[in-house]
Amino acid sequence: MFRSYFSVALRQLAMSKVYSLINVAGLAIGLASVVLISLFVRHELGYDSFWPNADRIYRISRDYYATNGAPNRVPASNNGPVAAALLDDFPEIESSARVYGGRTLLSRDDVAFYEDRFRWADNSLFQIFAFDWLAGDSKTALAEPASIVLTETLAKKYFPGAAALGRPMLIENRIAVTVTGVIRDLPPNTHLSFDALGSMKALPDSVSAAWNGNTDFHTYFSLRAGANIRAIEQRIPEFMNKRIAADASTWSGMTIMNVRDIHVRSTRDEEWEPSGSIARIASFTAIAALILLIACINFMNLSTARSAKRAREVGVRKSLGAARRQLVLQFLGESIGMAVVGTLVATVLVELALPKFSAFSGVDLALEYFGPGGVALQLGALALLVGLVAGSYPAFYLSAFEPARVLKGEVSRGREGAVFRNVLVVAQFAIAIALLIGTTIVYQQDRFARSRDLGFDKNQIVVLAAPPNLGLGAVDWEPFRDEIARAPGVAGVTASHYTPFSWDDNRLPVRRQGSEDFSRIQFMAVDYDFFATYRIETLAGHVFSREFAPRPAMLRVASGAAPDVVLNESAARMLGWAAPEAVDKPVEIGAQANWSPARVIGVVPDTYFESVALPVRPMIYVFGADPASQLYGFIRTISIRVTGDDLPATLARIDALWREHVPGRPVVRHFLDDDFDALYRSEQRQAQLLTFFSGLAIAIACLGLLGLAWFSTERRVKEIGIRKTMGGAVWDVVLLFTSEFSRLVLLASLVAWPLAYFVMQRWLAGFAYRIEMGPLAFVGGAAVALAVAFVTVGAVAARAAAAKPVLSLRHE
Amino acid sequence: MLVMQGLSKVFRTTEVETTALNAVDLGIAAGEFTAIMGPSGCGKSTLLNIIGMLDNPSSGRYFFLDEDVAKYPERKLAQIRKRNIGFIFQSFNLIDELTVFANVELPLVYQRLPAAERKRKVDAVLERVGIAARRNHFPAQLSGGQQQRVAVARALVVSPKLILADEPTGNLDTANGEEVMNMLVKLNEEGTTVIMVTHSRSHAEYARRIVNMLDGRVVTEHVGQMRRAAANV
């Protein structure tokens, strides 16, 4: 009996080639998208779960609560002394360690590079994270100050073709260290981010002494086996009140996060690498499910549409005594068989698409079939599931045919189940149209975000990086600046302690003089000409200029004179002033529990220094480019506005001047608009992926439509012949069929519109500055689907109609 | 009205080549009533299909109203067809989803006639074939004779110069068959050229001219007058 089923199934496949092709293609594309998306999702969700004791590794970060309407501050990092104190106060904690740092100059003999992923770390880090040691001893590698641990890649970069262990290096041209360990490169799916680790002991104690203020240290600890993390969390307020200040837990807190949750769940500032997003994972999972649903719908639709051709077989089998159950099994078996073929084809598609998809998503994905993490079993299960889901309706529908009616030919037109099929077509097009609308809106928002008036001119600005820890102190600033300014093709030059789009969270408490309430306001130290170079106008008062001799902030030796500050409009508003009112007003800036006075000299417009997903920040600008100011060393970016005339010559001149004024330091420069692009890269990628997958959804839906139209024309071949005999042209037949299917697509639009509106409304709510959804995306999405459906059905109908009428009439 | 010279039709499949028509020469004048007879597979339906421009000949020339249409593409044939020819089939070939009225209206729709004019013409022709009372029925609700009357009405509604009937009585009982034949005679009397393919010797006798075919060739011709005389009584 099974042989009979099997051979019938095979013959079915072979005989109706169009049907099989459409069905397998649709399933394969759908399954391939599902596999691709789930590889990505699995990669995202699998971050940091490979550490042997991942369930016991935690990161503890500092929270500063919102005060006086100012937003809170939630960095990923913590204060320097926390790690050691945790070990003292919590016996359940096995070890704790800190990681700190950023771009640093590394050199060996005359080889020198800036390493963006350089960090300082405690030796205990190696007790928490089990790195793969190629050379050196994890117990002692960073125990001494003069040591450095390199990743394999970095070891090869500095010591090509030679063993790195034991070799001398220089950090920032002044700290002599020896390579004490080489570890294998970190796997791609860890939130940890470093290429080299220097010993924390090389840093002066003062760097890490503060229990408050700067939070520079990513702080990790591992629990003893069996210890309860909740118990520690409960005692954290007590710990803070004891260690920091009696009321510390009322205005701040600490958050503990398991290492596996960091990548997908952290929304904290100052993560080393951009976090994944659970929302994005959810939305892609949903898209995968929807695509699979569309593919399954195709399958059901085509199977039921084709039922006409199978009805006689069912009738004969039943009259020969087949039970309904046997027929159900037979048809389910067929659909599972089809799904298996589809899965195999999907695997091929995935293999073909993976390199591109990996490059695009920036994640190195691979399909492994067997062994740990192998997907062979899951793929088999998926095929089974899809076969069952997609085959269930046709199986029950077909097996329910009554033999007497079927054999008399009453169920021969395939018109039965038409309502159900139409519902399914509407459903799949509703999904496809909703995806199209969503994609359009994502694009519109992206364009809006990019084209928004930023309040300054981001173009034609070259950014030079001064040494991270020395700032202007290391670049012979004033003569260097003046020579740059005179270089051909340079329209302006300035320095600031960071640049737009490369955000450094630096909020200080600011209040009106004499007020108790304060706000945290983002602070930026700048040089003369900052506003001119960035083309930020002045709304009221004046900005830092040589003419007015601004008083710098944070002088090393207190002068008694209040420093000058410039506010942006939002900061002025936050302090309760309109722009003109704020000028000449005294304010107080808080630092380490002291309040020092300052004077507002001018107000500038709000500028968008971050993604438009975030509301514009209130800003307070201080003048720091004075060697007498402590800020001088913090000012580490130099911005040069170029005219663009003979840019290569201008850049060459800038580089030459750098080498002359800052010997021993590589030139690190880039264009500001690159940072701007980077800001929107993830949104852009998301938009492109969305486009890709909604394109696929439409394609699969159309494939189904193609099949349905094919069956429809086949079923109505006589009617086409009659209509043509009666003088109908090809176009008349095309219109007849397309109008029927178009009606379904229009209906699908009506379903898709509110759905897409609701979902996209929520998505847009995540942006502080966002578009209003216009009718364009909605009408456009429907129009595209309609056009594609029209072409698909039209082509099939035209093909059927172009046949000589005699051929269709002979069909009878 | 139409002249065929050396008309052949060959059907090819991968395995066999069948000559359905073998160098047929035939002329039919306007106003004639011609019956084509012959055993199954002699090529009479193929000939009718070519006459009706539902199919192209493989070779030979076919003048329809002095135009050689043998090599015309389907598009052009459709134009000529819808202006000049009405079809009646053995199996009626009504569209199941359309009412009697809509079925009859169809050729007029394709002639892009305004709705009011279509309605006038359809009403008139339904009246003429005596099926007006059933105008809102669907084909499945009618008897075979009624269905064929609808098909005749559909053929007539465009006032064609030529009516092609392929076994019009093949699916009908005697009484209904006679009735359809009488309709065709009447149409012919009114000036329409009629060409009919039939198995039935007695129905062929309604025609003025009987063409006998065998193996794709015209073998004999004779004049059939007997039944016509009877019908005119």
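Predicted model: local features only at pLDDT ≥ 70, side-chain atom pairs only at ≥ 80, totals over all residues.
Of the 233 residues of chain B, 46% count as buried. Eight helices and ten strands make up the secondary structure of chain B. Along the principal axes, the C-alpha atoms of chain B fill a box of roughly 45 × 40 × 35 Å. Among the contacts in chain B with a separation of 6 or more, 67% link residues 24 or more positions apart.

Four strands of chain B form an open sheet in the order β2-β1-β4-β5, with antiparallel pairing. Its edges are β2 (17-28) and β5 (67-68) of chain B, each of which pairs on one side only. Within the sheet, strand β1 (residues 2-12) of chain B runs antiparallel to strand β4 (residues 59-64) of chain B, and five bridges join the two. B:Leu2 stands opposite B:Phe64 in β4(B).

Leaving aside neighbours within four places in sequence, the contacts of B:Leu21 are B:Leu7, B:Ser8, B:Lys9, B:Gly43, B:Thr46, B:Leu47 and B:Gly216.

Among the helices, α5 (residues 144-156) of chain B is worth a look. Its 13 residues reach 18 Å from the first C-alpha to the last, close to the 18 Å expected at 1.5 Å a residue. Helix α5(B) is mostly covered, with eleven of its 13 residues buried. The buried residues include B:Val150, B:Val152 and B:Leu156, and also B:Arg149 and B:Arg154. As for their partners, the buried residues of α5(B) pack against β6 (85-89), α3, α4 (115-129), β7 (162-166) and α6 (174-189) of chain B.

The nonpolar cores come next. The largest has 93 residues, and those with the most contacts inside it are A:Ile291, A:Phe429, A:Ala432, A:Ile433 and A:Ala697. Elements giving two or more residues to this core include α9 (278-305), α14 (418-451) and α22 (730-764) of chain A, while the largest share, 17 residues, comes from α20(A). A:Ile433 touches A:Ala748, A:Ser749, A:Ala752, A:Gly781, A:Ala782 and A:Ala785, not counting residues up to four places away in sequence. A second, separate core of 61 residues includes B:Leu47, B:Ile51, B:Val129 and B:Ala207.

Finally, the two chains meet in a contact that takes 15 residues from chain B and 17 residues from chain A. On the side of chain B that touches chain A, two or more residues each come from α2 (74-84) and α3 (100-110) of chain B. Helix α2(B) gives the largest share of that side, four residues. By class, the side of chain B that touches chain A has seven nonpolar, four polar and four charged residues.

Notes: Residues numbered from 1 in each chain as written. Chains lettered and ligands numbered in written order. Contact = placed C-beta atoms within 7 Å. Nonpolar A, V, L, I, M, F, W, Y, C, P; charged D, E, K, R; others polar. Buried ≥ 20, exposed ≤ 12 C-beta atoms within 10 Å, placed from the backbone. Expected span 1.5 Å × (residues − 1). Pairing = 2+ DSSP bridges. Core = buried A, V, L, I, M, F, W, Y, C linked by C-beta atoms within 7 Å.
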